[in-house]
Amino acid sequence: MRETCENMLRTWKSLFGALIKWIILSVVVGGIIGVIASAFSYAVAYATQFREAYAWVLFGMPLGGLLIVFLYKITGQEKNSGTNLVLTVVRSSHEDVPGRVAPLILIATVITHLFGGSSGREGQLCSSAPAWETGSDRSST
């Protein structure tokens with residue numbers, strides 16, 4: 001009986017330790033992603049305000065598009081299928097979203113808003129989240 005109680009106590013200690021580890025990890029990752037999402041929100045708001053204050057910026061929309069294409073090319077993401085890539089990664093354990101995709105998506109969205117293009121804000125954060133997660137261990141989820 002005593003041995004059984006000791007085994008149960010060791011098991012509970014192990015489980016409690018894992019719980020504490022995941023809580024701490026969740027708080028840290030949530031804080032980092034929260035700061036990134038907040039910075040993204042402020043950047044899009046600033047780009048929109050700038051464009052509204054200086055209407056001539058709309059004439060730069062083709063240049064903004066070329067800049068986004070250039071950024072995708074120099075980062076090797078010209079064949080990136082965007083949200084479809086994210087959905088494929090979520091359904092498969094064989095692929096990862098490259099880490100450079102997350103900042104690229106966010107920067108391209110800010111550029112789009114700066115030059116008056118139409119793009120959502122929430123979708124970019126959702127589709128870039130797996131790229132921020134690239135470095136973590138997928139087998140433990």
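Is Y46 buried or exposed? Select Y46 to begin: this residue is exposed, with a relative accessible area of 54%, where exposed means over 50% relative accessible area, buried under 20% and partly exposed in between, computed with a 1.4 Å probe on protein chains only.

Before going on, note that this is a predicted model, in which local features need pLDDT of at least 70 and side-chain atom pairs count only at pLDDT 80 or more, while totals for chains, interfaces and linings use all residues. Residues are numbered from 1 along each chain as its sequence is written, and side-chain values use heavy atoms, with hydrogens and water left out.

Select residues 2-53, which form helix 1; helices here are DSSP runs of H or I with at least four residues, numbered from the N terminus. The end C-alpha atoms of helix 1 are 76 Å apart, which agrees with the 76 Å that its 52 residues should span at 1.5 Å a residue, the expected span being 1.5 Å times one less than the number of residues. To see the buried residues of helix 1, pick F40, V44, A47, T48 and R51.

F50 is partly exposed, with a relative accessible area of 28%. The structure holds three aromatic pairs, counted when ring centres of Phe, Tyr and Trp (its six-membered ring) lie within 6.5 Å, with planes under 30 degrees apart called stacked, over 60 edge-to-face and the rest tilted. The ring centres of Y46 and F50 are 6.4 Å apart and their planes stand at 35°, so this pair is tilted.

**Helices 2 and 4**

Next, select helix 2 (residues 61-74) and helix 4 (residues 101-114). Their axes are 9 Å apart and they pack at an angle of about 170°, which makes helix 2 roughly antiparallel to helix 4, a label for angles over 145 degrees. Among the residues that meet here are L67 and L71 in helix 2, with I107 and I111 in helix 4.

Stay in helix 4 and pick L106, which is buried, with a relative accessible area of 9%. L106 and S41 are 65 residues apart in sequence, and 9.8 Å apart in space, C-alpha to C-alpha.

**Confidence**

Finally, colour by pLDDT, the predictor's confidence in each residue, from 0 to 100. The chain has a mean of 80, and 72% of its residues reach 70 or more.

Key:
Helices (H or I, at least four residues) and strands (E, at least two) are DSSP runs, numbered from the N terminus. Axes are lines fitted to C-alpha atoms, for helices over the stretch in contact, and angles run from 0 to 180 degrees between N-to-C directions. Angles under 35 degrees count as roughly parallel, over 145 as roughly antiparallel, 65 to 115 as roughly perpendicular and the rest as oblique. Contact means heavy atoms within 4.5 Å.
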